[in-house]
Each structure stands twice: as structure tokens, then as C-alpha cells.
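I am opening a notebook on this structure and will go through it part by part. Each entry sets down what I looked up and what I found.

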Amino acid sequence: MELPIPFGWYAVAYSDDLSPGDVQPMYYFDEHMVLFRTDSGKATVMQAHCPHLGAHLGHGGKVTGDRIACPFHAWEFNTQGECVNVPYATSIPKQAQGKQCLYSYPVQERNRMIWAWYHPRQLPPLFDLDDIAELQNPGWSDYDLYEWEINSCIQETGENGVDIAHFVYVHSAREMPKAKISLDKHRRETDMITRGPAIDELGNLDFDKLEDSHLTSKNCGPGMTTQVFSRAFKTIMLGTVIPITSSRLKLRFAFSKPTDISDMFNILTDGMIAEIVRQVQYDIPIWENKVYRESPLLCNGDGPIAKYRQWFSQFYDEPDADIIRSVPFSDNVKTAGRE
Ligand code: FES
Ligand SMILES: [Fe+2]
């Protein structure tokens, strides 16, 4: 059984990777797209193929002011996907006047990334993204980045966070972690608690003194996860997933650290980051080769898998269902653009 692409906000790129005037082809949500930044700084994500004769705007399209010009015959489109100039004609074709010819995705920049809202029926955003407070603070470092492309779907990779038993058998955890999960509309928080030896400021481990170690994961919709670590591990991780197709995805990890921590905490934190990145390689072959069991045979030692699936199911479009808007997008959104 193949799961459809869930709706939500998905990170398409890091903000720093797109300067004014930049144009890039992209393929996500099973669709060819163009990503560009206008001269005034507005990031835009649009369907790629020109309504004229079908050229891909991401391959040779040029930004001129707040428009993108097609590489084939230079028709110009604004950031709403409306044709605003045909340079060699006396008028814009009637059918295109004042109309969107190319779907332009809702876009915003948050947490140093560019996010596009995907909905299979192109409905406007049904919830908003959360800001990560630490990233607004200049005392936190630039991102340390990692990414993978994986043959899986995002419900499956997300389920990893509540699949308690696999931490022992895939990731060599010493014991089954305890997990507390709380669900609130499009948000989900999992607090995973294990016991570890106490660590002092100098990095000495005391195996006679065990203390709680927390890994708190906060999900905001299907595409954004923030992970916070406790004890000596002074990092915050923004994890993002974006569907390329319904069965292939891109996973990105971005770590930031406070710039004023001790050398020892830096070493420990870097070790933790390296370990998290290393552990993903053990998940990938399982994700890529498993099947999706719609009605799995579960036991009482498993984590809250059914609860997670029920929460996740809210992101699958049901054309007839009543839609509850958690946070009105327009009230809270920072639209694309840089200061
Ligand atoms: S194909 Fe784009 S202007 Fe002709
Ligand atoms: Fe895992």
C-alpha cells in the first residue's frame, strides 16, 4: 500500500543558499518546480513549466526585479504566477490576463529555511510553523548540515521517533527508553527519557551516579521537527523532511550550538551530533526495504505507534472532511523576504 503525500509546510532550501536573483530547478511533491529570489528578496516557489510552450523556468529563467522571465521567449511572470509581460506581443493573451497561469506555492522563511506549503488540492495553509527561539539569538552558531535522500515516505520515517523498541535493537540503546507523547492539533511532542552516567564540566563520566537524559522532539506538522538534548549536549537540531514523490523523500538535519560553551561541552556536543548522524545510517536500510503494514501486529512493549498514526492521519487530505484551522496562517505569518 502506498501512502499519499501529506499536506503541510516543507523546507525546500536553506535561506542562505538563495541570494536575490538566484533561480533553481527543484523537484518535490512529484512536481517540477522553480525556486527563485526576487531582487527585493522575496523567495518564490512556482510550478516550473511555462504556459506558453512549456520551457522549464528553473533552467535558464532570469529574475528581473520582482519577476521571472522564461528562458525560451522571455515571457515574464510575477511571484503570484501571473503573466505580466510578453515582450514581443502588443498584449497579453486574453485567457491569461489577470489570472494565475502557474501555481505559486505559499512560501515563508522561518528558522533560516525557505518553506513551501503543499496541499494536493492547493488549499491555503491550515496551520503555521513555529519559531525556534534559540535560532533568533545571535549567540547560536551557523547550521552544521547533513542530508539524505531515502526511498520511504514521511509517515514511516516519523514513526521512528515513537518506535521505542527499535532504539535498543537498531541503535544499541542500553535500555528501552521511556517515552511521553503529547499531541495537540498539528503539534506533537515526544520526550524520551533514558538513564546515563553523570557528566561533570570536565567531561568525566560517573557510572555509579545515573541521571535522566532527555531527548525532546517537537513536531510542527509533518515536515518540521525540533530536537533538544539535555545534560552536556548543548545543541538544537532542526530536522526537516520533504516528499520528492510519495515514496521518496529528502531528510535534512541542521544543528546549531551556543557559541559560548566550554571546550569540553563543545567536544561532547560535537560527539553527540556525529553519533546522531551516524545512527541514521542504521535506520535507512530498514526504511528502504520495509513495507507499510496498515494493521500491524503490535505488542505491549511497543511505543505509542497507533497514537502516532492517528495523529499523522490529520495531514492526509479528505476532500469531504470539515477543516479545522489550528492557527490562521494570515495572522501569524512572516512572508518571504529578508530584512
Ligand atoms: S515557453 Fe516560456 S516564453 Fe515561450
Ligand atoms: Fe531510528
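Ground rules. I note that this is a predicted model, in which local features need pLDDT of at least 70 and side-chain atom pairs count only at pLDDT 80 or more, while totals for chains, interfaces and linings use all residues. Residues are numbered from 1 along each chain as its sequence is written, and chains are lettered from A and ligands numbered from 1 in the order in which they are written.

Entry on Tyr10. I placed Tyr10 in strand β1; helices (H or I, at least four residues) and strands (E, at least two) are DSSP runs, numbered from the N terminus. I call a residue buried if 20 or more other C-beta atoms lie within 10 Å of its own, exposed if 12 or fewer, and partly exposed in between, with C-beta atoms placed from the backbone. Tyr10 is buried because 28 other C-beta atoms lie within 10 Å.

Entry on β1. Six of the seven residues of β1 are buried, so I wrote the strand down as mostly covered. Two strands pair if DSSP finds at least two bridges between them, and β1 is joined to β10 by six bridges, the two running antiparallel. In that pairing Tyr10 stands opposite Ala116 of β10.

Entry on Ala13. Strand β1 also holds Ala13, which counts as buried because it has 21 C-beta neighbours inside 10 Å. Not counting residues up to four places away in sequence, Ala13 touches Leu18, Leu35, Met113 and Ile114. From Ala13 to Val34 I read 21 residues in sequence and 12 Å in space, C-alpha to C-alpha.

Entry on the domains. The protein chain is divided into domain 1 (8-118) and domain 2 (133-315), with bounds that come from an automatic or database domain assignment. Their centres, taken over C-alpha atoms, are separated by 34 Å. Across the boundary, 12 residues of domain 1 are in contact with 15 residues of domain 2. On the side of domain 1 that touches domain 2, β1 (8-14) and β2 (23-28) each supply at least two residues, and β1 gives the most, with five.

Entry on the core. A nonpolar core here is a set of buried Ala, Val, Leu, Ile, Met, Phe, Trp, Tyr and Cys residues joined through C-beta atoms within 7 Å. The largest one has 48 residues, and those with the most contacts inside it are Tyr10, Val12, Ile114, Trp115 and Ala116. Among the elements that give two or more residues to this core are β1, β2, β10 (113-118), β16 and β17, and β10 gives the most, with six.

I traced an open sheet of seven strands, in the order β11-β17-β16-β15-β14-β13-β12, with antiparallel pairing. The edge strands are β11 (144-150) and β12 (178-184), each of which pairs on one side only. Strand β16 (residues 236-245) and strand β17 (residues 248-256) pair in the antiparallel sense over nine bridges, and Leu249 in β17 is the bridge partner of Pro243.

Entry on Lys234. Is Lys234 buried or exposed? Lys234 is buried, with 20 other C-beta atoms within 10 Å, and its place is in the loop between β15 and β16. Not counting residues up to four places away in sequence, Lys234 touches Lys257, Pro258, Ile261, Phe265 and Thr269. Lys234 and Asp270 are 36 residues apart in sequence and 9.1 Å apart in space, C-alpha to C-alpha.

Note on methods:
Contact = placed C-beta atoms within 7 Å.
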